[in-house]
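Please look over the sequence and the structure before reading on.

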Amino acid sequence: MKKFNCIIFLFLSIVLGNAQNLDVDLLKKININRNTDLDPTFKTITNSAVSISIATPVVIYSIGLIQKDSLMKQKALCIGESFLASALITTVLKDVIRRERPYVKHPEIQPLSLEGSYSMPSGHTSIAFATATSLSMAYPKWYVVVPSFVWASSVGYSRMHLGVHYPSDVFIGAIVGSSSVYVTRKLNQWLDRKYNKIK
(Lines give C-alpha, C1' and ligand atoms only; values in the text may rest on other atoms or scores of the structure.)
Protein backbone atom coordinates (compact mmCIF):
# COMPACT_ATOMS: atom_id res chain seq x y z
CA MET A 1 0.00 0.00 0.00
CA LYS A 2 2.88 2.37 0.83
CA LYS A 3 4.45 1.74 -2.59
CA PHE A 4 1.12 2.49 -4.28
CA ASN A 5 0.74 5.76 -2.33
CA CYS A 6 4.30 6.75 -3.24
CA ILE A 7 3.64 6.07 -6.93
CA ILE A 8 0.40 8.12 -6.83
CA PHE A 9 2.18 10.98 -5.01
CA LEU A 10 5.05 10.93 -7.54
CA PHE A 11 2.60 10.85 -10.47
CA LEU A 12 0.59 13.81 -9.09
CA SER A 13 3.79 15.78 -8.41
CA ILE A 14 4.93 15.32 -12.01
CA VAL A 15 1.51 16.18 -13.44
CA LEU A 16 1.08 19.27 -11.25
CA GLY A 17 4.65 20.38 -11.93
CA ASN A 18 4.10 20.12 -15.69
CA ALA A 19 0.75 21.91 -15.40
CA GLN A 20 2.43 24.75 -13.50
CA ASN A 21 5.14 24.99 -16.17
CA LEU A 22 2.51 25.10 -18.94
CA ASP A 23 0.62 27.78 -17.00
CA VAL A 24 3.72 29.99 -16.73
CA ASP A 25 4.85 29.33 -20.32
CA LEU A 26 1.45 30.25 -21.76
CA LEU A 27 1.30 33.43 -19.70
CA LYS A 28 4.78 34.42 -20.90
CA LYS A 29 3.73 33.89 -24.52
CA ILE A 30 0.65 36.06 -24.02
CA ASN A 31 2.19 38.80 -21.89
CA ILE A 32 5.80 39.15 -23.01
CA ASN A 33 5.04 38.74 -26.73
CA ARG A 34 1.89 40.91 -26.63
CA ASN A 35 1.07 43.63 -29.13
CA THR A 36 1.66 46.71 -26.95
CA ASP A 37 -0.58 48.80 -29.23
CA LEU A 38 -3.49 46.82 -27.76
CA ASP A 39 -2.57 47.63 -24.13
CA PRO A 40 -5.10 50.51 -23.83
CA THR A 41 -7.83 48.35 -25.38
CA PHE A 42 -7.27 45.50 -22.92
CA LYS A 43 -7.10 47.94 -20.00
CA THR A 44 -10.52 49.25 -21.07
CA ILE A 45 -11.90 45.72 -21.38
CA THR A 46 -10.55 44.83 -17.92
CA ASN A 47 -12.06 47.98 -16.41
CA SER A 48 -15.43 47.19 -18.01
CA ALA A 49 -15.89 44.02 -15.92
CA VAL A 50 -17.12 45.68 -12.72
CA SER A 51 -19.06 48.53 -14.34
CA ILE A 52 -20.94 46.29 -16.82
CA SER A 53 -21.60 43.64 -14.15
CA ILE A 54 -23.18 46.26 -11.87
CA ALA A 55 -24.93 48.23 -14.62
CA THR A 56 -26.58 45.17 -16.24
CA PRO A 57 -28.98 44.27 -13.39
CA VAL A 58 -29.57 47.95 -12.52
CA VAL A 59 -30.57 48.84 -16.10
CA ILE A 60 -32.79 45.76 -16.51
CA TYR A 61 -34.47 46.38 -13.14
CA SER A 62 -35.05 50.05 -14.02
CA ILE A 63 -36.67 49.07 -17.34
CA GLY A 64 -38.80 46.54 -15.45
CA LEU A 65 -39.93 49.28 -13.06
CA ILE A 66 -40.80 51.67 -15.88
CA GLN A 67 -42.69 48.97 -17.81
CA LYS A 68 -44.20 47.48 -14.62
CA ASP A 69 -42.80 44.12 -15.69
CA SER A 70 -42.33 41.92 -12.60
CA LEU A 71 -40.64 39.11 -14.60
CA MET A 72 -38.01 41.54 -15.89
CA LYS A 73 -37.39 42.79 -12.35
CA GLN A 74 -37.03 39.19 -11.15
CA LYS A 75 -34.48 38.47 -13.91
CA ALA A 76 -32.53 41.58 -12.92
CA LEU A 77 -32.45 40.46 -9.29
CA CYS A 78 -31.16 37.02 -10.32
CA ILE A 79 -28.39 38.62 -12.41
CA GLY A 80 -27.44 40.86 -9.47
CA GLU A 81 -27.46 37.94 -7.02
CA SER A 82 -25.18 35.92 -9.33
CA PHE A 83 -22.75 38.84 -9.48
CA LEU A 84 -22.69 39.10 -5.67
CA ALA A 85 -22.34 35.32 -5.23
CA SER A 86 -19.41 35.11 -7.65
CA ALA A 87 -17.69 38.08 -5.97
CA LEU A 88 -18.13 36.49 -2.53
CA ILE A 89 -16.94 33.02 -3.60
CA THR A 90 -13.95 34.54 -5.42
CA THR A 91 -12.95 36.61 -2.38
CA VAL A 92 -13.09 33.56 -0.09
CA LEU A 93 -11.12 31.39 -2.55
CA LYS A 94 -8.43 34.06 -2.97
CA ASP A 95 -7.96 34.19 0.80
CA VAL A 96 -7.88 30.39 1.13
CA ILE A 97 -5.57 29.65 -1.84
CA ARG A 98 -3.32 32.73 -1.43
CA ARG A 99 -1.55 32.37 -4.75
CA GLU A 100 0.92 35.16 -5.48
CA ARG A 101 0.49 37.26 -8.60
CA PRO A 102 2.57 36.00 -11.54
CA TYR A 103 4.74 39.14 -11.70
CA VAL A 104 5.77 38.58 -8.06
CA LYS A 105 7.15 35.08 -8.73
CA HIS A 106 8.28 35.69 -12.31
CA PRO A 107 9.98 39.11 -12.74
CA GLU A 108 10.04 38.70 -16.54
CA ILE A 109 6.23 39.12 -16.58
CA GLN A 110 5.40 42.74 -17.40
CA PRO A 111 2.37 43.84 -15.34
CA LEU A 112 0.44 46.81 -16.69
CA SER A 113 -1.15 47.32 -13.28
CA LEU A 114 -0.33 46.19 -9.76
CA GLU A 115 -3.06 44.36 -7.87
CA GLY A 116 -3.55 44.26 -4.11
CA SER A 117 -5.30 40.90 -3.75
CA TYR A 118 -4.18 37.33 -4.42
CA SER A 119 -4.18 35.78 -7.88
CA MET A 120 -6.37 32.62 -7.83
CA PRO A 121 -9.11 32.87 -9.07
CA SER A 122 -9.45 35.91 -11.31
CA GLY A 123 -12.15 38.15 -9.83
CA HIS A 124 -12.69 40.15 -13.02
CA THR A 125 -13.18 36.94 -14.99
CA SER A 126 -15.47 35.51 -12.33
CA ILE A 127 -17.89 38.44 -12.29
CA ALA A 128 -17.78 38.77 -16.09
CA PHE A 129 -18.74 35.10 -16.56
CA ALA A 130 -21.38 35.35 -13.83
CA THR A 131 -22.94 38.28 -15.68
CA ALA A 132 -22.65 36.61 -19.10
CA THR A 133 -24.10 33.30 -17.87
CA SER A 134 -26.99 34.83 -15.91
CA LEU A 135 -27.83 37.24 -18.74
CA SER A 136 -27.77 34.39 -21.26
CA MET A 137 -30.05 32.27 -19.06
CA ALA A 138 -32.46 35.18 -18.58
CA TYR A 139 -32.49 36.03 -22.31
CA PRO A 140 -31.45 32.88 -24.25
CA LYS A 141 -31.17 34.49 -27.68
CA TRP A 142 -28.01 34.20 -29.79
CA TYR A 143 -27.68 38.01 -29.98
CA VAL A 144 -27.47 38.09 -26.15
CA VAL A 145 -25.48 34.88 -25.57
CA VAL A 146 -22.71 35.39 -28.17
CA PRO A 147 -21.78 39.02 -27.29
CA SER A 148 -22.02 38.24 -23.56
CA PHE A 149 -19.53 35.38 -23.71
CA VAL A 150 -17.24 37.15 -26.21
CA TRP A 151 -17.07 40.05 -23.74
CA ALA A 152 -16.50 37.75 -20.72
CA SER A 153 -13.78 35.81 -22.58
CA SER A 154 -12.14 39.11 -23.58
CA VAL A 155 -12.09 40.16 -19.92
CA GLY A 156 -10.38 36.88 -19.04
CA TYR A 157 -7.81 37.27 -21.82
CA SER A 158 -7.16 40.87 -20.81
CA ARG A 159 -6.10 39.74 -17.33
CA MET A 160 -3.33 37.62 -18.89
CA HIS A 161 -2.41 40.28 -21.46
CA LEU A 162 -1.95 42.75 -18.58
CA GLY A 163 0.24 40.22 -16.73
CA VAL A 164 -1.84 40.07 -13.55
CA HIS A 165 -3.20 36.49 -13.79
CA TYR A 166 -2.08 33.03 -14.83
CA PRO A 167 -4.24 31.18 -17.40
CA SER A 168 -5.38 28.80 -14.63
CA ASP A 169 -6.58 31.79 -12.55
CA VAL A 170 -8.71 32.88 -15.50
CA PHE A 171 -10.01 29.35 -16.13
CA ILE A 172 -11.02 28.86 -12.49
CA GLY A 173 -12.53 32.37 -12.45
CA ALA A 174 -14.72 31.47 -15.42
CA ILE A 175 -15.87 28.27 -13.70
CA VAL A 176 -16.59 30.09 -10.42
CA GLY A 177 -18.53 32.82 -12.23
CA SER A 178 -20.63 30.44 -14.30
CA SER A 179 -21.19 28.04 -11.38
CA SER A 180 -22.35 30.84 -9.10
CA VAL A 181 -25.29 31.41 -11.45
CA TYR A 182 -26.45 27.80 -11.08
CA VAL A 183 -25.93 27.88 -7.30
CA THR A 184 -27.92 31.11 -7.03
CA ARG A 185 -30.69 29.75 -9.25
CA LYS A 186 -30.97 26.50 -7.21
CA LEU A 187 -31.01 28.48 -3.96
CA ASN A 188 -33.78 30.74 -5.28
CA GLN A 189 -35.82 27.72 -6.38
CA TRP A 190 -35.40 26.13 -2.95
CA LEU A 191 -36.41 29.36 -1.19
CA ASP A 192 -39.45 29.72 -3.48
CA ARG A 193 -40.60 26.18 -2.68
CA LYS A 194 -40.07 26.73 1.05
CA TYR A 195 -41.87 30.09 0.98
CA ASN A 196 -44.81 28.62 -0.97
CA LYS A 197 -45.10 25.76 1.55
CA ILE A 198 -45.27 28.26 4.44
CA LYS A 199 -47.94 30.22 2.58
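A short exchange of questions and answers follows.

This is a predicted model, in which local features need pLDDT of at least 70 and side-chain atom pairs count only at pLDDT 80 or more, while totals for chains, interfaces and linings use all residues. Residues are numbered from 1 along each chain as its sequence is written, and side-chain values use heavy atoms, with hydrogens and water left out.

Student: Is Thr 184 buried or exposed?
Tutor: Thr 184 sits in helix 7, residues 167–198 (helices are DSSP runs of H or I, at least four residues, numbered from the N terminus). Leaving aside residues up to four places away in sequence, Thr 184 touches Cys 78, Glu 81, Ser 82 and Ala 85 (contact means heavy atoms within 4.5 Å). Buried means under 20% relative accessible area, exposed over 50%, and partly exposed in between, with a 1.4 Å probe and protein chains only. Thr 184 has 8%, so Thr 184 is buried.

Student: What is the omega of the peptide bond from Met 120 to Pro 121?
Tutor: Pro 121 belongs to the loop between helix 4 (102–105) and helix 5 (123–138). Most peptide bonds are trans. The bond from Met 120 to Pro 121 is cis, with omega near -5°.

Technical notes
Helices (H or I, at least four residues) and strands (E, at least two) are DSSP runs, numbered from the N terminus.
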